[in-house]
Amino acid sequence: MNYSELADSAAETKDQLVANLRRVISDAEDLLAATAGQTDSKVAELRARAKENLAVAREKLADVSAAGRARARQAAAVTDEYVHDNPWSSIGAAAAVGLLIGVLLGRR
């Protein structure tokens, strides 16, 4: 899986999560409006809908979290493989980054 596919997957998952959270918020607002003077059956219906959507949102959030951890592990594995295959390039890049950080901190 390349970086572009990972980015597309993350964006799609994020959009799904946002849509679910918006639905939960909408149902919560409906519930608040209904409790202001509506019948008990309407309140019970809205509460059930809100609970269901909250469960879906929690599940999606758990999925997003698991997917993020999996992508981080994959990135770490790819980085580890690259460093093992190209140790001198990795050392040179790390030294350059260290030098750059040292110069930036030295200017303060």
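Mentor: The model is predicted, so local features need pLDDT of at least 70, side-chain atom pairs count only at pLDDT 80 or more, and totals for chains, interfaces and linings use all residues. Residues are numbered from 1 along each chain as its sequence is written, and side-chain values use heavy atoms, with hydrogens and water left out.

Trainee: Which pattern does the protein follow along the sequence?
Mentor: Helices (H or I, at least four residues) and strands (E, at least two) are DSSP runs, numbered from the N terminus. The protein has three helices and zero strands. Read along the sequence, the pattern is α-α-α.

Trainee: How far does helix 2 reach from its first C-alpha to its last?
Mentor: Helix 2 covers residues 40-85 and has 46 residues.

Trainee: Which residues of helix 2 are buried?
Mentor: Buried means under 20% relative accessible area, exposed over 50%, and partly exposed in between (1.4 Å probe, protein chains only). Across the protein, buried residues make up 13% of the 108 residues. In helix 2 they are Val43, Leu46, Ala50, Asn53 and Ala57.

Trainee: Is Val56 buried, partly exposed or exposed?
Mentor: Val56 sits in helix 2. It touches Asn20 and Arg23, leaving aside residues up to four places away in sequence; contact means heavy atoms within 4.5 Å. Its relative accessibility is 28%, so Val56 counts as partly exposed.

Trainee: What separates the C-alpha atoms of Ala55 and Val24?
Mentor: Ala55 also lies in helix 2. At 44% relative accessibility, Ala55 counts as partly exposed. Ala55 and Val24 are 31 residues apart along the chain, and their C-alpha atoms are separated by 9.4 Å.

Trainee: How are helix 2 and helix 3 oriented to each other?
Mentor: Axes are lines fitted to C-alpha atoms, for helices over the stretch in contact, and angles run from 0 to 180 degrees between N-to-C directions. The two axes come within 5 Å and cross at roughly 110°. Angles under 35 degrees count as roughly parallel, over 145 as roughly antiparallel, 65 to 115 as roughly perpendicular and the rest as oblique. Helix 2 and helix 3 are therefore roughly perpendicular.

Trainee: Which residues in helix 3 does helix 2 meet?
Mentor: Helix 3 spans residues 87-106. From helix 2, Tyr82, Val83, His84 and Asp85 take part. Their partners in helix 3 are Pro87, Ser89 and Ser90.

Technical notes:
Expected span 1.5 Å × (residues − 1).
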